[in-house]
Every structure is written in structure tokens, then in C-alpha cells.
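Thanks for asking me to look over this model.

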Amino acid sequence: MYGRPQRKKGVPVNEFFPGLVALLGSGETLPSSGSTHEYIAKSLPDDPNIVILETPAGFELNSDRVARKIGEFLEVRLQNYAPNIVQVAARKKGTDYSPENFKIVEPMLKADEILLGPGSPTYAVRQLKDSLAFELIKARHRIGSAIVLSSAATLAFGRHTIPVYEIFKVGEDLHWKHGLDFWKPFGLNLSVVPHWNNNDGGDELDTSRCFIGQERFERLVSLLPEEEVILGIDDHTSLILDFCAGTCLVMGKGAVHVLQKGVQQDIISGETFDLSVLGEFTHPAAGTGINPEVWQQAVSAQLSRIAEEQFVPEPPQSVLALLEKRDEARHSKDWEAADALRIEIEDLGWRVMDTPGGVELVPMDQNDAAG
């Protein structure tokens with residue numbers, strides 16, 4: 001139903017571009033989100049590194065289990081992509097598991113995808129704001145990593161966020177909190193509301209608009225600046241933002257809803273629309289809005305990784321000597337000796353390739369992978 005993303009795999013040296021962003025209204029571990037996870041996986045390098053941050057649920061005693069459940073789902077759903085899944089226990093500032101602790105967040109430097117899911121949006125903002133973890137999220141995305149946000153994380157990354165627990169559970173007056181404003185460098189004044197069409201409350205309680213209810217939500221909207229754009233995402237629905245193509249794709253069971261200046265636009269699953277619908281987006285210069293030291297660290301790590309992947313080892317002198325003897329045997333038409341020398345070279349980890357242009361030596365693992 002959905003086509004493969006038209007994006008290059010990997011990141012060429014000195015050519016950095018933003019990765020895809022997937023916003024899930026709910027159900028990150030349900031079958032309804034499977035197509036979204038696969039769509040993202042197709043845009044990543046082979047055997048991708050997927051990092052799952054515990055931060056939004058870091059206040060919960062089982063935050064590790066919340067993240068592990070997501071990882072277990074991805075291991076099964078994305079098994080054809082052979083992902084390397086790593087949990088990052090960046091739970092709370094001022095603790096050993098702080099988003100500021102480099103030892104905790106270091107795996108993010110090699111992330112091809114960074115995922116944040118359920119929890120408390122306001123807690124996530126407090127722990128990630130101005131943190132090393134959030135700077136790495138921005139840097140990795142700008143370099144090419146995909147970002148996948150679900151539920152609380154979609155709220156937290158907006159310009160403003162709804163304090164859901166505080167209003168719905170505690171009974172605080174209607175108000176907004178400042179979010180992480182992830183979208184600012186792209187020129188977007190965007191706030192995201194997941195669970196847009198939620199109906200967990202049944203006929204007795206309106207739990208739409210992320211459990212706030214439509215009537216209260218309309219009053220909430222009146223408190224925002226006029227230029228603010230609200231993006232509502234239905235349950236079991238996701239939106240893929242591609243800043244390089246300038247497009248958005250709706251996936252899943254429902255629709256997304258763009259609300260601006262009192263006008264609501266509904267876009268159903270399967271439709272693609274221009275990213276400018278969300279605002280006059282721009283492509284920020286490399287490193288804009290990111291801590292310069294973190295940006296340079298992320299760039300250096302990426303260039304080192306690319307160099308490692310592109311490194312082709314030189315055959316040792318012992319292998320070259322055997323190859324020379326094989327050439328002599330072939331020249332003398334001593335095919336038995338030539339075959340024996342070929343096997344001896346392969347035992348040392350090198351494949352002999354007889355091509356129209358001459359003889360080539362290829363590392364065995366590289367040749368096997370290519371085959």
C-alpha cells in the first residue's frame with residue numbers, strides 16, 4: 001500500500017541531511033504501527049542501530065520495561081532488517097541515569113534511529129530541555145538519523161505541550177507548558193496533539209484531544225498565539241515528515257488534523273501533502289540551534305563511522321606472495337598447483353577473482369556479503 005521511501009541509504013561524507021521523522025498518535029507496539037516502523041527502517045542503513053530512550057517514562061519504576069517492550073516489538077517486526085536495538089536509560093537529571101551523563105547517552109552518537117515513546121510530556125520536557133541527550137537527538141537527526149516519537153514524546157517535542165496528567169488527573173486549570181520546540185530550526189511553530197480521536201471514555205466521558213475532551217480543548221486553543229499550528233494525530237495513525245522531499249505521509253487507520261487560525265484541515269491515511277501545510281518550513285544550516293561542541297562531536301563520530309565502513313583492507317605480503325606463485329603456476333599451465341594455491345589464499349581470508357581486467361583479491365567477508 002505504501003511505497004518505499006525515495007531516500008539515499010547511509011550518509012555520504014560531508015553531505016548531511018535531516019532524517020525522517022515519524023509521529024505516532026498511539027500504539028507504537030501494536031500491529032497498526034508496523035507499516036510505519038518498516039517505512040522508517042527502509043530509509044536506514046543495513047543492520048541499523050535503533051536507540052530507545054527511557055526518558056518520557058523515566059519517573060516510572062518500570063521505565064526500563066516500557067522501553068524493553070518497544071524493543072522486543074521492533075526485534076520481531078523488523079527482523080528482516082537485522083536491527084541492533086539499544087536502550088538508553090536517560091531517566092532523570094541529577095542522578096546516575098541523567099540525560100546529561102555522557103556514558104549513558106553515548107550510544108546515541110551511532111544511532112540510525114532514535115525512538116521516544118509513552119510517559120509524561122511535561123516530565124520529558126523537564127529532563128530533556130538543554131540536556132546533552134536532546135542536543136544529540138537534534139544533531140543525529142540533522143546528520144540523517146530518523147526520529148520516531150509516540151504519544152507523550154510527540155507532545156513534548158512541540159512548541160507548546162499539554163500538561164495532560166496535571167489537567168486530566170490532578171484537575172489543574174487549563175494551561176499550556178513550553179515544549180522542547182524541536183521544530184523551531186525548521187521554521188515551524190508546531191504543537192502536536194496525539195490521541196486526537198481517543199474514545200476510551202466511551203459515552204460517559206469525552207477523552208478525545210489527548211484525554212482533554214473537545215470542549216476543554218477548544219478553550220485551550222484560544223490560549224495559544226494566533227500563529228501557532230496544531231497537528232492532531234488520531235490513535236493508530238502516524239505521520240511521516242520528510243524535510244528533504246518537503247512532504248508528509250499519513251499512515252495507519254485514521255487521519256491527521258491541521259488546525260490553524262480556527263480552520264481545521266483533515267487528511268486521511270494514505271494521502272501525501274506538502275510540508276508547507278504545517279508552516280513555512282526552512283532547511284537550517286548545518287548545526288543551527290545545536291550546541292556547537294555537541295555538533296562537532298556528532299559530526300566527528302559520523303565521519304569516523306563512515307571511514308570504518310568504507311575501509312578496504314590491503315592483502316598482507318604473505319597473500320601477495322602466494323598470488324604471485326599462483327600466477328606462475330597458471331602461466332606454466334600447472335592447474336593443479338594453481339588451484340591448491342587458490343585454496344591456500346582463501347584459507348587466509350582472501351577470495352581470488354579472475355576478471356577480464358586481471359586478478360583481484362577480495363576479503364572473504366566482503367565477497368560473501370556481495371554475493
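**Notes on the predicted model**

1. Strand S15 (residues 350–355) and strand S16 (residues 358–363) run antiparallel and are joined by 6 bridges. Between S15 and S16 there are 2 residues, and the two strands form a hairpin.

2. Now for the overall picture. The protein has 13 helices and 16 strands. Its C-alpha atoms fill a box of roughly 90 × 45 × 35 Å along the principal axes. Of the 371 residues, 52% are buried. If you take the contacts between residues at least 6 apart in sequence, 68% of them join residues at least 24 apart.

3. Which order do the strands of the 8-stranded open sheet follow? Reading across, you will find S3-S2-S4-S5-S1-S10-S11-S14, with mixed pairing. Strand S3 (84–88) and strand S14 (272–274) are the edge strands, each pairing on one side only. From one strand to the next, the twist averages 20°. Within this sheet S1 and S5 run parallel, joined by 4 bridges, and Ala22 has Val148 in S5 as its bridge partner.

4. Helix H5 (residues 132–143) lies across S1, S2, S4 and S5, and runs at about 135° to S4.

5. How do H1 and H2 meet? The axes of helix H1 (residues 34–42) and helix H2 (residues 63–77) come within 11 Å and cross at roughly 70°. Angles of 65 to 115 degrees count as roughly perpendicular, so H1 is roughly perpendicular to H2. On the H1 side the contact is made by Gly34, Ser35, His37 and Glu38, and on the H2 side by Phe73, Leu74 and Arg77. Sorted by class, this contact of H1 with H2 has 2 nonpolar, 3 polar and 2 charged residues.

6. H1 also deserves a look from the inside. Its buried residues are Gly34, Thr36, His37, Tyr39, Ile40 and Ala41. The buried residues of H1 pack against H2 and several strands, namely strand S1 (21–24), strand S4 (113–116), strand S5 (146–150), strand S10 (237–242) and strand S11 (247–252).

7. There is a second open sheet to inspect, with 4 strands in the order S8-S9-S12-S13 and mixed pairing. Its edge strands are strand S8 (190–193) and strand S13 (263–268), each of which pairs on one side only. Here the twist averages 20° from one strand to the next. Strand S12 (residues 255–260) runs antiparallel to S13, with 6 bridges joining the two; His257 has Asp266 in S13 as its bridge partner.

8. Is Gln127 buried or exposed? Buried means under 20% relative accessible area, so Gln127, at 7% relative accessibility, counts as buried. The side chain of Gln127 reaches the backbone nitrogen of Lys93 at 2.7 Å. Leaving aside neighbours within four places in sequence, Gln127 is in contact with Thr55, Arg91, Lys92, Lys93 and Pro99.

Note on methods. Residues are numbered from 1 along each chain as its sequence is written. This is a predicted model: local features need pLDDT of at least 70, side-chain atom pairs count only at pLDDT 80 or more; totals for chains, interfaces and linings use all residues. Side-chain values use heavy atoms; hydrogens and water are left out. Two strands pair if DSSP finds at least two bridges between them. Axes are lines fitted to C-alpha atoms, for helices over the stretch in contact, and angles run from 0 to 180 degrees between N-to-C directions. Buried means under 20% relative accessible area, exposed over 50%, partly exposed in between (1.4 Å probe, protein chains only). A polar contact is a pair of N or O atoms within 3.5 Å; within protein, one must be able to donate a hydrogen and the other to accept it, and residues adjacent in sequence count only if both atoms are side-chain atoms. Contact means heavy atoms within 4.5 Å. Angles under 35 degrees count as roughly parallel, over 145 as roughly antiparallel, 65 to 115 as roughly perpendicular and the rest as oblique. Ala, Val, Leu, Ile, Met, Phe, Trp, Tyr, Cys and Pro count as nonpolar, Asp, Glu, Lys and Arg as charged, and the others, Gly among them, as polar.
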